[in-house]
Amino acid sequence: MKSMASINLMTMKSGNLIKLFNAVFLFALFAVPGASHAALTIEIVGAGANQIPVAIAPFRAEDGLAQKLTPVIAADLARSGLFRMVDAGGMVPVPYEPEQVDFPQWRARGAEAVAIGSVTLQSDGRYDIRFRLMDVVKQTQLAGFVYYAPAAQLRLTAHKIADAIYEKMTGDAGVFATRITYVVKKGTRYELQVADADGYGAQTVLASNEPIISPAWAPDGARLAYVSFEGRKPVVYVQSLTTGNRQAVANFRGSNSAPAWSPDGKRLAVTLTKDGGSQLYLIDADGGGAPTRLTHSSAIDTEANFSPDGQWIIFTSDRGGGPQIYRMPASGGQPQRYTFEGNYNVSPHFSPDGKSFTFMQRSGNRFHIAVQDFATRQVQILTDGGIDESPSFAPNSRMILYATKVRGRGILAAVSSDGRVKQRFTEDAGDVREPSWGPLVNK
Amino acid sequence: MKKFFVGLLIAGVLAGCSSTPTKEQEGAAVEDRKPSVEAPVAKPADSGVVSQPLGTSTVTADPLKDPANILSKRSIYFDYDSNLVKDEFKPTVAAHAKYLGQNRNKQVRIEGNADERGSSEYNLALGQRRAEAVKQMMQLLGASAGQIESVSFGKEKPRAPGHDEAAWAENRRADIRYQGE
């Protein structure tokens, strides 16, 4: 494993448009947030069909660390809804090496696999963290990895270990080491925040007195595009998460919104009204050059989203009367309609594996999150909150993050793509909305 | 323009203390803002004595802010799922269009809004349609396109914070805002 690089200091810059009553503050992300409680707490309210029983044995020497690893690993796996955590306490001796594992004992406890490991402080101040995942039945090693990380990266290492276990046991990539972004509204204050996928370590990257909507992760995870109303009209910005610098990339006459990254990270599809109605255009992600118009209707065309292979764009259009979801070639061209249930289907997002898309559907007076499979055209309704919106996929296509309201307050929630696992994220203060799940990033 | 407003003030003040036909002048002031309106301003009843307005602000004479003037009306309300400018609001739109037509240096931004139901971005586009409908009507009635920018706040800046039909109706709205306000 490569060592975790440390990233540069936080820089604070004032926004380009500082108005007397509307100061906008931009921030770079700390590589690792300062030791703080999770601003978002996640509770799980549903479980997978057949949970895999695993045990995470304490790692050697982790007790003395400021950040213990195994509680984070266990919490990640439990939160996924796919694992049942088997009690790992009371083993004498605690196994740190394969030859110390008492397989029959673990089998008696019902575990299918057990993770063992150790943490060793090196002379250069970094830690050597190694773990092995052991098959309890076959009594063999399923996986083993070594990580070298400074103290500040211990939590991230725990997430990566959880990812490795998840991948080995389910066949899917784990998303525990990813991040999410969302907007928090506190009174008249809006904050665009980035947090770990478990809600830990939320940091504010933009604070404003005017709304912020539609944050979108660049494919490299290092930039966010978003819409800010700080100029008293919607303008699309691209901001670096490492430096805090940003640029207005779409500030044409009228409204500019709904940024969506092309998979190569070089372009954005956006909704512009500069030529009259809301239409889709392609612009360079650095804002240079003239926009290329993609749609040519007299209707509303908005909420573009690229397919993972970059070939297609799905979007919302009301050219047929009410808003429905269409797909067209990414270079523009004849769109094909995909939604036919009800008169209101909006906010489409491709699954990262390209096989389906999630969207928001209205039924009567209620809004819920649904998924449609491209191959079968079948639609599955996944939620029933009544005011569910803004769906986006986790990068392993297994979970969908969305926004909802509980007792009038905006919160985030997640549901597995088969509808079985449900999570609810609660925030300390304020309304949370506009979530987006970040990409897998190899470090 | 400033002279005219001062003239209007004096006319207004004098209305209370003379029997000159001030009604005509006030009528003229509302409908016709050409500088020539200055001509019919009445002379002071006592020559050599000029009455001074007490504590009045020239701002109230700005037709855009005068509550008695239709130009101070800035909001157009819409039905659900609609961007049609209803008959009851046409005089307001027409008045602003005319004002813009007569004041080519003035710029407005029309801010469209939508109620809270539905996706942020689709509501942004709905609000934009409402703003655009007002803009189009203004262009037909005397304003030029270069004076008007239509933008949308979608559902992001509701004026009424509730979650019922009354709040939603209040938020289905386009507001006219002049540059500098």
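Is helix 4 of chain B mostly covered or mostly open, and how many of its 21 residues are buried? Helix 4 of chain B is mostly covered, with 17 of the 21 residues buried. This is a predicted model, and the report below begins with its scores before turning to the two chains.

**Confidence**

The model has an ipTM of 0.90 and a pTM of 0.85. For chain B the average pLDDT is 79, and 67% of the residues score at least 70. Residues 1-45 of chain B have a pLDDT below 50, and this stretch has 42 contacts in the model beyond near neighbours in sequence. Where pLDDT is low, the predicted coordinates should not be read in detail.

**Chain B and its contact with chain A**

Between the chains, 17 residues of chain B are in contact with 25 residues of chain A. On the chain B side, the elements that give two or more residues are helix 4 (120-140) and strand 3 (148-154). Helix 4 of chain B gives the most, with eight residues. By class, the residues on the side of chain B that touches chain A are five nonpolar, six polar and six charged.

Helix 4 of chain B is 21 residues in length and spans 30 Å from its first C-alpha to its last. That span is close to the 30 Å expected at 1.5 Å a residue. Just after helix 4 of chain B comes B:Gly142, which has a positive phi of about 125°.

**Domains of chain A**

Chain A is divided into two parts: domain 1 covers 14-34 + 180-437, and domain 2 covers 47-170. Taken over C-alpha atoms, the centres of domain 1 and domain 2 of chain A are separated by 35 Å. Six residues of domain 1 of chain A are in contact with nine residues of domain 2 of chain A. The domain 1 side of this contact has two nonpolar, two polar and two charged residues.

**A four-stranded sheet in chain A**

In chain A, four strands form an open sheet in the order 16-17-18-19, with antiparallel pairing. Strand 16 (256-261) and strand 19 (292-293) of chain A are the edge strands, and each pairs on one side only. Strand 16 of chain A pairs with strand 17 (residues 267-272) of chain A in the antiparallel sense, over four bridges. A:Ala260 has A:Ala269, in strand 17 of chain A, as its bridge partner.

**Backbone exceptions in chain A**

Most residues other than glycine have a negative phi, and most peptide bonds are trans.

The peptide bond that joins A:Val92 and A:Pro93 is cis, with omega about -5°. A:Pro93 lies in the loop between strand 5 (83-85) and helix 2 (103-108) of chain A.

Technical notes. Residues numbered from 1 in each chain as written. Chains lettered and ligands numbered in written order. Predicted model: local features only at pLDDT ≥ 70, side-chain atom pairs only at ≥ 80, totals over all residues. Pairing = 2+ DSSP bridges. Contact = placed C-beta atoms within 7 Å. Nonpolar A, V, L, I, M, F, W, Y, C, P; charged D, E, K, R; others polar. Domains from an automatic or database assignment. pLDDT = per-residue confidence, 0-100. Expected span 1.5 Å × (residues − 1). Buried ≥ 20, exposed ≤ 12 C-beta atoms within 10 Å, placed from the backbone.
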